[in-house]
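Reader: I have a sequence and a model on the screen. Please take me through some of what can be read from it, one point at a time.

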Amino acid sequence: MKAKKQIYGMTPYQPGKPIEEVKKELGLSEVIKLASNENPYGASDRVKHTLEDTAGHLEVYPDGYAAALRKKTADFLGVKGEQLVFGAGSDEVILMLCRTFLDHTTNTVMATPSFSQYKHNALIEGAEIREVPLKDGVHDLNAMLEAIDEQTRIVWVCNPNNPSGTYVNNTAFREFVQQVPDDVLIVSDEAYIEYVTADDYPQTMSMLADTPNLMLLRTFSKAYGMASLRVGFGIASPELISLVDRVRPPFNLTTASQVAAIEAIEDQEHIKQCVADNAEGLKELQNFCSKHKLTYLPTQANFLLIYVKVPGDVMFQALLKKGFIVRSGQALGFPEAIRVTVGTKEQNKAFMTAFAACLEEVNVSSK
Ligand SMILES: *Cc1c(COP(=O)(O)O)cnc(C)c1O
């Protein structure tokens, strides 16, 4: 066998540790996972009820065009149906964009640290990766502009950025978009947009009409609490969508996921409640950090990047022993940090108790 040469230098995605695995490994009866930025409250009850009804005709292929979900989403956002492309998670839209635009003669520009899948999928296509370090924790858009050349096909702006939680503001984003050449695709990955509270977050929807090379990425995996069902989508000009649609696998969204996503859009009350609870939880976590003299990056999402003054893996292991799964910053490009997803009120409280004990154990207070 001979795979594409770039495959040999790659590793499979390392997800947050599954709860069941940790329970078994450490003999714990209760484990709380605050590692994958999932919504701790899960999906709306209405979604769960709808799913029970979809078991009837499992032999029938799903609607490949996702017509009903397309109409629902388009109406909700105030765009046309042909401005949307759906994926099995926005992960799959990222994959489709790389398949559509990248090959070994091209390059793609992104921030680092940022979401891993831009680089991963671009590498598979054999493209050159141009990573531009965050500046003060935020995308360095000027340096990203400088990295763009004739061979650049995609530039990625993760906003808010995972794993830092930081955001690019409206003015900065608009200036950036104006300067990016028309033939370079600009991707604004807005996986956490529902959680954003900043007034000066970019109004990207209103830019679509004048910016045919802009694509926004959204997902049902985070605030909508449906990560297990895999639904994400891109919003862009019809011209751009029609290109990407050519590489889309024909039945990439299951019937269950389409039905669930439609119902999820209907229940905005649920999203509002989850977002409000997230803001509360975030405040408590931030207060905890201040009290324990730990710095963190300002976040617009449902997670917090906390500097722990010891290697991230050390704090990760200490927390794991107490039954809490977080993400070590070491794998995410922040070696002395952990990334913690905001949980329910109860989970946050339990986490802070365990975290305080871990800080004592690894003697962070003396550093
Ligand atoms: C979680 C996440 C995604 C992927 O979400 P799916 O829709 O579940 O594939 C995309 N981008 C960012 C920045 C994320 O954090």
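**Strands, rings and cavities**

Author: Phe303 stands opposite Thr341 in β12. The model is a predicted one.

Reader: In which sense do β9 and β12 pair, and over how many bridges?

Author: Strands of a sheet pair through backbone hydrogen bonds, either parallel or antiparallel. Strand β12 covers residues 337–341. Its pairing with β9 is antiparallel, over 5 bridges.

Reader: Which residue lies over the face of Phe303?

Author: Phe303 is also the residue that stands opposite Thr341 in β12. The distance to the ring centre of Phe303 is 5.6 Å. The residue over that face is Arg339.

Reader: Is Val310 buried or exposed?

Author: Val310 lies in the loop between β9 and α11 (312–321). Its relative accessible area is 5%, and the cut-off for buried is under 20%. Val310 is therefore buried.

Reader: How far apart in space are Val310 and Leu359?

Author: In sequence, 49 residues separate Val310 and Leu359. From C-alpha to C-alpha, the distance between them is 9.7 Å.

Reader: Why is the pair of Phe86 and Phe233 called tilted?

Author: A search of the whole structure gives 11 aromatic pairs. For Phe86 and Phe233 the ring centres are 5.6 Å apart and the planes meet at 45 degrees. Planes under 30 degrees apart would count as stacked and those over 60 as edge-to-face. Because the angle here is 45 degrees, the pair is tilted.

Reader: Which strands hold Phe86 and Phe233?

Author: The pair links distant parts of the chain, with the two residues 147 residues apart. Both Phe86 and Phe233 are buried. Phe86 is in strand β2 (residues 84–87) and Phe233 is in strand β8 (residues 232–235).

Reader: Which residue of β8 is the bridge partner of Leu84?

Author: β2 and β8 run antiparallel and are joined by 4 bridges. Both faces of β2 are covered, with Leu84 and Phe86 buried on one side and Val85 and Gly87 buried on the other. The bridge partner of Leu84 is Ile235.

Reader: Which residues form a cluster with Phe86 through ring pairs?

Author: Phe86 pairs with Phe233, and ring pairs link both into a cluster. The members of the cluster besides Phe86 are Phe220, Tyr224 and Phe233.

Reader: How many charged residues are in the lining of the largest cavity?

Author: The search finds 2 cavities of 30 Å³ or more, and the largest has a volume of about 50 Å³. Its lining includes Asn39, Pro40, Tyr195, Cys274 and Val342. By class the lining divides into 5 nonpolar and 4 polar residues. The number of charged residues is none.

How values were computed:
Residues are numbered from 1 along each chain as its sequence is written. This is a predicted model: local features need pLDDT of at least 70, side-chain atom pairs count only at pLDDT 80 or more; totals for chains, interfaces and linings use all residues. Side-chain values use heavy atoms; hydrogens and water are left out. On a 1 Å grid over the protein atoms alone, a cavity is a set of points where a 1.4 Å probe fits but cannot get out, and a pocket is an open set with protein on both sides within 12 Å along at least five of seven lines; lining residues have an atom within 4 Å of a point. Grid points are joined across faces, edges and corners, and a volume is the space filled by probe spheres set on the points. Ala, Val, Leu, Ile, Met, Phe, Trp, Tyr, Cys and Pro count as nonpolar, Asp, Glu, Lys and Arg as charged, and the others, Gly among them, as polar. Rings of Phe, Tyr and Trp (its six-membered ring) pair if their centres lie within 6.5 Å; planes under 30 degrees apart count as stacked, over 60 as edge-to-face and the rest as tilted. Buried means under 20% relative accessible area, exposed over 50%, partly exposed in between (1.4 Å probe, protein chains only). A charge sits over a ring if NZ of Lys or CZ of Arg is within 6 Å of the ring centre and within 35 degrees of the ring normal. Two strands pair if DSSP finds at least two bridges between them.
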